[in-house]
Amino acid sequence: MSLGQRVATDHQLARLLQIGAVLEEVVESRAYHHLDSFEDEEGVDDDVRHLLEHAAEESAEHRSRLEALIEELDAETVPYEEINKLVEAQYAQTKPEDFDGLLYDQLCNEETAYKFYDDLIEAIEASESEFSIDREQVLDTLRQIREEEAEGVEDVTEIMERRA
Amino acid sequence: MNTADQYLKAIYLVQRMEDGPAATGALADMLDVSPASVNEMVGKLQDRGLVDHEKYKGATLTDDGIVRAEDALQTYCIIERFLANVLEVEDYRGEASALEAVIDDTVAERLDTIIDRREECPDCFDAEADQCCYLEAPAGESAD
């Protein structure tokens, strides 16, 4: 058991980036599942459809930026198709009950991603370890993604407030 | 998971293994810290009403402490199961221990949407083996 909030090795860094990539895959897959299962329900207007499509596209883009870093660390990511299958298998039990639940799920996705990148940035900053890839390059990428997640939180919140 | 939650989880597991209070030495071994650090944190947890501490015997979780410890253990279970079954990491126990400090419980909740965890979690956690008794170790190669 480790009590330190530090990323000390290439291996740990790669593992955390892999987790980030899976989180993005979960967001992407769940957004498409939401679009499929709520398509015919009242209340899914163009704003919400656009929100989900944008979330899915942005997650795919974040994933590819993380994959580039992971590759440089000589590791691999879990293919999207595999994560999509896992989401599919559990979606019936974890599907939001209604439209408000869908927006809340989307808000959780964005907030969770933000929290993950924020913690990871802090853990890298707290470490004095040298990695085989440029530390600033990793931090820059993660900070950019974190910023986009913060914007995502704002986008969902705006829609929720408009509907309240 | 923050440091306090890691301590609560360790006290919970040692209590289960010992069937009694968690001794300072056992906690120090499990957490890989000094006995002085354990005493300091146990004192803080006692002040917060999460632990009762009896001199020469050890720490016992209060009802509030048990709730927090079980939540922390669930988060740990999710991380272990995710590493073993999704990333197919062979040393999922060692890596879960190393990563638990960086993985927030909200992140674990998201990862929980793609893993197959039993409803009785964390009762099915085997403290001696440091893993869920239903967890199947990865058979294939790791995603390293």
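Where in chain B is B:P122 found? B:P122 sits in the loop that runs between helix 6 (105-111) and strand 3 (125-126) of chain B.

## Model and confidence

This is a predicted model. For chain A the mean pLDDT is 88, and 95% of the residues of chain A reach 70 or more. Within chain A, confidence is highest in helix 5 (residues 135-163), at 93, and lowest in helix 3, at a mean of 88.

## Contact between the chains

Chain A contributes 26 residues to the contact, and chain B contributes 23 residues. On the chain A side, helix 1 (10-38), helix 3 (80-94) and helix 4 (99-125) each supply at least two residues. Helix 1 of chain A provides the largest share of that side, seven residues.

By residue class, the side of chain A that touches chain B holds 14 nonpolar, eight polar and four charged residues.

## Two domains in chain B

Chain B is divided into domain 1 (3-62) and domain 2 (67-132). The C-alpha centres of these two domains of chain B lie 21 Å apart. Eleven residues from domain 1 of chain B and nine residues from domain 2 of chain B take part in the contact between them.

Helix 1 (residues 3-18) of chain B gives the largest share of the domain 1 side, nine residues. The domain 1 side that touches domain 2 of chain B is made up of seven nonpolar residues, one polar residue and three charged residues.

In soluble globular proteins, nonpolar side chains tend to be buried together. Here the largest nonpolar core has 87 residues, and the members that touch the most other members are B:L8, B:I11, B:L27 and B:I79. Helix 1 of chain A supplies the largest share of this core, twelve residues. Domain 1 (3-62) and domain 2 (67-132) of chain B each give the core at least three residues.

Which residues does B:I11 contact, leaving aside its neighbours within four places in sequence? The contacts of B:I11 are B:A22, B:L27, B:V51, B:A59, B:L61 and B:A69. Two of these contacts, B:V51 and B:L61, are also partners of each other: the bridge partner of B:V51 in strand 2 of chain B is B:L61.

## The hairpin of chain B

Strand 1 (residues 51-54) and strand 2 (residues 58-61) of chain B pair in the antiparallel sense, over four bridges. Three residues lie between the strands of this hairpin, in which B:Y56 takes a positive phi near 65°.

B:G65 is part of helix 4 (residues 63-85) of chain B. Is B:G65 buried or exposed? B:G65 counts as buried because 22 other C-beta atoms lie within 10 Å, and 20 or more are enough for that label. Apart from neighbours within four places in sequence, B:G65 is in contact with B:L8, B:L50 and B:V51. B:G65 and B:L8 are 57 residues apart along the chain, yet their C-alpha atoms are separated by 6.8 Å.

B:L31 lies in helix 2 (residues 24-31) of chain B. B:L31 is likewise buried, with 22 other C-beta atoms within 10 Å. The C-alpha atoms of B:L31 and B:R117 are separated by 25 Å, and these two residues are 86 residues apart along the chain.

## Positive phi in two loops

B:D19 is placed in the loop between helix 1 and helix 2 of chain B. Phi of B:D19 is near 55°, a positive value in a residue other than glycine. B:D19 is exposed, because 6 other C-beta atoms lie within 10 Å and the label applies at 12 or fewer.

What is the phi of B:D32 near? The value is near 55°, again positive in a residue other than glycine. B:D32 belongs to the loop between helix 2 and helix 3 (35-47) of chain B. With 10 other C-beta atoms within 10 Å, B:D32 is exposed.

Definitions and conventions. Residues numbered from 1 in each chain as written. Chains lettered and ligands numbered in written order. Predicted model: local features only at pLDDT ≥ 70, side-chain atom pairs only at ≥ 80, totals over all residues. Contact = placed C-beta atoms within 7 Å. Nonpolar A, V, L, I, M, F, W, Y, C, P; charged D, E, K, R; others polar. Pairing = 2+ DSSP bridges. Domains from an automatic or database assignment. Core = buried A, V, L, I, M, F, W, Y, C linked by C-beta atoms within 7 Å. pLDDT = per-residue confidence, 0-100.
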